[in-house]
Amino acid sequence: MNSPLQKIKETKPLIHHITNWVTIYECANMTRAFGALPVMAHSPEECADMTAISSALVLNIGTLTYEIIDAMMLSASSANEKKIPVIFDAVGVGSTKFRDEMAAKIFDSVHIDIIKGNYSEIAKLAGESTETKGVETTSINVDPEKVAKELAKSKSSIVVMTGKEDIISDGKKIYIIRNGNEQMGSIVGTGCMAASVIGLFASINFNYFDASKDALCYFGVAGELAAEKSNGPGSFIVNLYDEVFNLSDEKVKNMMNFEEK
Amino acid sequence: MNSPLQKIKETKPLIHHITNWVTIYECANMTRAFGALPVMAHSPEECADMTAISSALVLNIGTLTYEIIDAMMLSASSANEKKIPVIFDAVGVGSTKFRDEMAAKIFDSVHIDIIKGNYSEIAKLAGESTETKGVETTSINVDPEKVAKELAKSKSSIVVMTGKEDIISDGKKIYIIRNGNEQMGSIVGTGCMAASVIGLFASINFNYFDASKDALCYFGVAGELAAEKSNGPGSFIVNLYDEVFNLSDEKVKNMMNFEEK
Amino acid sequence: MNSPLQKIKETKPLIHHITNWVTIYECANMTRAFGALPVMAHSPEECADMTAISSALVLNIGTLTYEIIDAMMLSASSANEKKIPVIFDAVGVGSTKFRDEMAAKIFDSVHIDIIKGNYSEIAKLAGESTETKGVETTSINVDPEKVAKELAKSKSSIVVMTGKEDIISDGKKIYIIRNGNEQMGSIVGTGCMAASVIGLFASINFNYFDASKDALCYFGVAGELAAEKSNGPGSFIVNLYDEVFNLSDEKVKNMMNFEEK
């Protein structure tokens with residue numbers, strides 16, 4: 001096993017986020033807890049420049065507006081040119097027509113390296129007739145692994161589908177991730193944080209399929225360790241930051257729980 | 001006693017917020033801690049659609065702009081049509097002319113089901129010549145119960161006036177709530193969270209007068225339980241989330257402290 | 001020693017922030033933990049009015065846009081007129097051309113009483129050819145004390161340069177502050193919070209040079225006390241709020257660690 005954690009702590013990659021106003025602090029703080037450097041900059045006048053000095057770009061449409069989408073496209077173009085990974089978290093796709101249209105607009109104009117969403121968000125992006133309850137997944141009537149694989153193939157991207165089991169596909173293969181804990185769903189923002197974590201693992205590993213797997217395993221293991229010590233969502237988030245900060249490759253090695261198909 | 005808590009946990013109502021950028025995470029996370037689902041969406045292109053799939057709409061003008069006010073009116077119209085409750089948190093009314101004008105604009109164009117504010121904010125909305133210190137109440141020279149009742153009558157709304165004692169009026173009757181704890185005032189955001197909690201209790205109870213009372217009692221009891229275990233505002237907010245998450249109708253039944261007039 | 005802490009708790013100064021969307025809650029909550037009242041209002045229609053009822057203005061360009069810069073200039077003009085202190089946190093100056101230009105624009109049109117930044121941000125403002133990695137300092141090739149002193153002289157401001165050792169200059173003298181702890185750098189937002197803390201100490205002390213020194217010593221001591229009890233960034237931030245809330249002039253007196261040159 002390589003040691004992504006040490007690489008992150010040593011190189012301190014700069015992770016540029018254009019994200020939502022709800023969990024923006026949590027995304028920044030989780031990036032920092034892993035030892036990387038977050039930067040958030042959404043002004044169209046500087047966002048491409050900020051991306052150009054960064055090692056990954058994380059886009060999250062949780063509280064999107066036209067202006068934010070424009071900034072995302074400017075930054076993603078810059079990232080595509082610099083060949084740094086672009087992660088797109090499809091928050092709320094399937095809940096309003098506007099989100100679906102804006103997601104489509106982004107896919108039409110730039111390349112997304114890693115597409116992340118919950119089951120109904122990814123199903124919607126894959127063209128299924130599903131709906132999302134705000135930013136919460138609904139049950140989907142299609143085989144999730146098939147959906148992930150097809151979307152990955154059609155977009156030439158890695159697809160990360162989060163839920164009780166996380167599914168990652170590169171269009172051919174599948175990883176099933178069984179790390180994590182239901183307490184992660186008891187707080188707002190673990191989904192958004194996961195996209196940040198994927199961003200920072202992808203910033204130090206050109207194999208984005210493996211980087212996504214590592215990211216969810218490391219983050220999930222921290223979630224499991226935090227859950228053991230917590231009495232509710234308040235103490236859980238405190239412990240989650242502490243466990244991430246104190247994570248070691250050895251701890252994760254013993255607790256990683258994934259399957260390759 | 002009915003069991004609002006169980007109803008919330010079972011139906012997981014979607015609570016749409018158009019709120020301020022300071023406490024937006026806290027409002028979302030508190031909604032989640034109670035077992036409901038928060039969604040924040042302020043773009044005029046989608047906000048009405050998001051309201052249409054929600055069970056309550058919470059408006060908070062803490063960091064208002066013209067654009068945010070427009071989004072609020074679009075969403076509130078959608079909520080009025082769908083007959084889901086609209087909660088308006090009058091943050092900072094009485095501190096600047098702009099806030100007063102924007103609040104008036106909202107009341108002119110849509111119906112607000114539940115108006116929430118501190119003593120000076122509510123007094124200002126009721127036409128009294130009072131001032132608010134930023135977003136902090138000042139002492140008012142009028143009888144708070146009378147002010148709450150009159151505003152409730154004139155707007156055909158429930159009025160929730162928060163302070164050392166909370167006063168709720170439907171224009172005829174009054175509830176005085178004596179739950180809660182001064183530590184709730186030691187952190188930023190408990191007032192905003194209270195509006196979210198009212199929103200989620202109103203989403204499962206058409207009697208908004210009783211729903212507001214329940215909301216403040218449940219939230220106040222959690223605050224009291226959290227305060228016992230806390231050493232300051234940092235540990236208090238952690239414990240508040242934990243206590244809310246672990247609240248039961250039984251615990252609250254024994255600690256509820258309100259009076260009906 | 002005067003007692004700034006008691007003065008703050010007694011007068012509860014209103015501290016107006018126009019700040020970034022990442023750490024906006026942390027700045028507000030830290031202001032509250034010290035016993036002062038935060039208010040955040042960035043709409044051009046009201047920001048100058050809000051400043052006019054405040055005791056200090058804190059500007060932070062972490063997530064700047066043209067609109068935010070305009071609001072900052074309106075509020076700073078109002079503050080200059082009212083003779084209340086304006087604190088400018090130069091977040092990310094040196095990372096993009098836009099930030100450098102916007103900072104220059106602000107300095108051209110209003111007076112800044114206290115300029116705060118990390119080593120590379122301050123060096124950039126002082127005209128040195130340095131770069132900032134996002135919002136993170138880089139090593140600079142010039143004498144930091146000299147840079148701080150020169151910038152202070154050229155702008156007729158107090159300059160606060162934060163890093164392993166904090167350097168404060170009024171253009172003639174220098175304070176070196178050795179309080180604080182490296183755990184403060186393990187979370188996002190302590191830099192932004194420090195600007196808020198400087199704002200609130202300056203709001204009750206016309207000697208901004210001494211007020212800045214007090215602010216960093218008090219905040220740093222709280223950081224040292226919090227670090228002793230913490231297992232990582234999650235528990236550190238919790239303990240930081242608790243320690244600030246429970247700080248006393250006596251505790252700080254014994255632990256203050258600064259040098260005057």
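Tutor: Start at one pair: Ile87(B) stands opposite Ile114(B), a residue of strand 5 of chain B. This is a predicted model, in which local features need pLDDT of at least 70 and side-chain atom pairs count only at pLDDT 80 or more, while totals for chains, interfaces and linings use all residues. Residues are numbered from 1 along each chain as its sequence is written, and chains are lettered from A and ligands numbered from 1 in the order in which they are written. Helices (H or I, at least four residues) and strands (E, at least two) are DSSP runs, numbered from the N terminus.

Strand 4 (residues 86–89) and strand 5 (residues 114–118) of chain B run parallel, joined by three bridges. Strands pair when DSSP finds at least two bridges between them. From strand 4 of chain B the chain passes through helix 5 (residues 97–109) to strand 5, in a right-handed β-α-β crossover. Right-handed means that, with the strands pointing away from the viewer, the path from the first strand over the helix to the second runs clockwise.

Now the other neighbour. Strand 3 (residues 56–60) of chain B pairs with strand 4 of chain B in the parallel sense, over four bridges. Here Val58(B) stands opposite Ile87(B). Strand 3, helix 4 (residues 66–82) and strand 4 of chain B form a right-handed β-α-β unit.

Look at the faces of strand 4 of chain B. Val86(B) and Phe88(B) point one way, Ile87(B) and Asp89(B) the other. All are buried (20 or more other C-beta atoms within 10 Å of the residue's own; exposed is 12 or fewer, partly exposed in between; C-beta atoms are placed from the backbone).

Next, where chain B meets chain A. The contact takes 28 residues from chain B and 26 residues from chain A (contact: C-beta atoms, placed from the backbone, within 7 Å). On chain B's side, helix 2 (24–33), strand 2 (37–40), helix 3 (47–52) and helix 10 (233–245) each supply at least two residues. The largest share, seven residues, comes from helix 10 of chain B.

Terms used. Contact = placed C-beta atoms within 7 Å.
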